[in-house]
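Subject: Structure for your review

Dear colleague,

Please find below the structure that I am handing over to you. A summary of the findings follows it.

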Amino acid sequence: MPWKRREFRGLTFARALNVADMRELARRRLPGFVFEYIEGGAEDEHTLRGNRRAFEALRFVPNTLVDTTGRHQRIQLFGRESPSPLIIAPTGMNGMVCPRADVLLARAAASAGIPFCLSTVSTTRLEEVAQEAGGRLWMQLYVMRNRKVAEDIVTRAHRAGYEALVFTTDANVFGMREWDRRSYRAPGRPTLRTMLDILRHPRWMYQVILRHGVPRFVNFESFLPPGAGSAVGGSTVIPTLFAPEITWNDIAWLRGMWDRPLLVKGVLSAADAVRAAEVGCDGIVLSNHGGRQLDCCVSPMDVLPEVVAAVGGRLTIIVDSGFRRGTDVVKALALGADAVMIGRATLYGLAAAGERGARRTLEMLMGEIDRTLGHLGCRSVADLGPHLLRRVPVPAEESR
Ligand SMILES: Cc1cc2nc3c(=O)[nH]c(=O)nc-3n(C[C@H](O)[C@H](O)[C@H](O)COP(=O)(O)O)c2cc1C
């Protein structure tokens with residue numbers, strides 16, 4: 001028989017070696033419309049693919065024969081030590097993956113000692129996550145047309161002990177995820193094909209829909225019109241609630257309610273990063289929302305060096321979008337990022353095996369970061385720098 005490489009065929013996460021294996025398990029376990037919701041990007045998905053290509057264009061130039069015994073990946077984040085430069089990014093509607101998903105992700109983060117950022121559109125109330133998971137919790141904020149929603153969430157997150165507020169600014173005009181839209185015949189109304197696919201995933205249907213009831217936007221359900229709180233089809237309903245009129249002037253309004261670290265998520269230019277510093281933010285998340293909003297957008301990795309040159313040392317710079325490997329994380333740190341948020345990677349782990357799957361995904365990434373530091377001859381992230389990277393050409397993307 002001719003030699004053929006062994007692809008991942010494992011039935012459980014125990015055999016998964018990397019994030020791609022976890023993704024494969026997630027793809028098999030979730031109904032297509034849920035996997036598509038997690039996976040997809042906006043329009044032609046140039047941004048989505050560009051996020052991965054940005055990493056391909058960066059190669060390491062390692063230092064050899066360096067004693068790296070006792071190396072570590074600890075960082076300081078808002079005055080506290082974190083054992084790894086990872087943060088779990090806010091993702092909405094997690095309850096579509098499995099029951100109590102937000103609590104399970106938060107627990108996975110807590111056991112790794114890293115922050116978990118809860119989405120405004122979570123399917124578990126922020127108070128419940130704080131009570132049942134503990135650990136370092138951050139709250140993500142979407143500002144909707146009705147400002148009372150934001151005021152309510154910020155006040156409650158403060159009271160529940162959330163450590164940082166992450167104000168997402170790149171979804172005020174909502175991205176068009178056409179692949180996701182095809183799962184519905186109208187907002188919130190799955191197609192017949194989607195319904196049949198659900199029937200082909202009885203375990204998911206029992207656990208997510210039948211046993212626990214359809215997940216709901218519990219953080220702000222009391223502000224929604226009757227019947228609008230269901231997360232099935234939320235990706236088509238939620239966009240209509242967002243406020244396109246918010247500006248930098250609104251940061252003062254948030255600052256008045258929040259005296260802990262405040263970050264703006266969705267910055268992609270040095271000018272906006274400077275603006276964030278000027279209006280009193282503590283940090284930024286360089287992000288294109290994992291390719292889900294503006295298509296044909298730069299990758300955060302493309303602009304990271306100029307942003308670091310503009311605000312490095314003044315603001316905490318966190319990067320996300322497209323991180324799937326420890327090498328990706330180390331590349332961002334070498335270019336001057338302080339930490340990295342991961343979105344889909346831990347969702348794959350969650351879909352594969354709940355809290356244990358998410359925890360295993362974090363362990364895999366932390367193991368990869370550790371190995372990469374070792375290969376580069378670095379004892380800690382303090383030894384990293386742009387001198388360890390070289391930009392190489394990647395072939396032009398084929399037009400579709
Ligand atoms: C399924 C899904 C839901 C998301 N929901 C939110 C959200 O509610 N709020 C937010 O600020 N970002 C949201 N994001 C964006 C993530 O916070 C993050 O920017 C992105 O996932 C990073 O890219 P990655 O998935 O390639 O790691 C979501 C992303 C995904 C994949």
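How are α14 and α15 oriented to each other: oblique or parallel? The model is a predicted one, and the values below are to be read accordingly. In general, a pair of packed helices is described by the angle between their axes together with the distance between those axes. Helix α14, which covers residues 326-334, packs against α15 at an angle of about 60 degrees, and the two axes are 7 Å apart. Angles of 65 to 115 degrees count as roughly perpendicular and those under 35 degrees as roughly parallel; α14 and α15 are therefore oblique to each other. Their crossing is right-handed.

The contact between these helices can be given by residue. From α14, the residues G326, T327, V329 and V330 take part; from α15, they meet L365, E368, I369, R371, T372 and L373. Sorted by class, this contact of α14 with α15 comprises five nonpolar, three polar and two charged residues.

I turn next to the ligand. There are 23 residues around the ligand, of which G92, S119, G290, G343 and R344 come nearest. Two elements, α2 (32-39) and α15 (344-376), each give two or more residues to this shell. By class, the shell has eleven polar, eight nonpolar and four charged residues.

With 25 other C-beta atoms within 10 Å, G291 is buried. Leaving aside residues up to four places away in sequence, G291 touches G41, A42, E45, T47, L48, N51 and S321. The C-alpha atoms of G291 and R177 are separated by 9.7 Å, although these residues are 114 residues apart along the chain.

With kind regards

Terms used: Residues are numbered from 1 along each chain as its sequence is written. This is a predicted model: local features need pLDDT of at least 70, side-chain atom pairs count only at pLDDT 80 or more; totals for chains, interfaces and linings use all residues. A residue is near a molecule or strand if its C-beta atom, placed from the backbone, lies within 6 Å of it. Helices (H or I, at least four residues) and strands (E, at least two) are DSSP runs, numbered from the N terminus. Ala, Val, Leu, Ile, Met, Phe, Trp, Tyr, Cys and Pro count as nonpolar, Asp, Glu, Lys and Arg as charged, and the others, Gly among them, as polar. Axes are lines fitted to C-alpha atoms, for helices over the stretch in contact, and angles run from 0 to 180 degrees between N-to-C directions. Angles under 35 degrees count as roughly parallel, over 145 as roughly antiparallel, 65 to 115 as roughly perpendicular and the rest as oblique. A crossing is left-handed if the near helix is turned anticlockwise from the far one by less than a right angle, and right-handed if clockwise. Two residues are in contact if their C-beta atoms, placed from the backbone, lie within 7 Å. A residue is buried if 20 or more other C-beta atoms lie within 10 Å of its own, exposed if 12 or fewer, and partly exposed in between; C-beta atoms are placed from the backbone.
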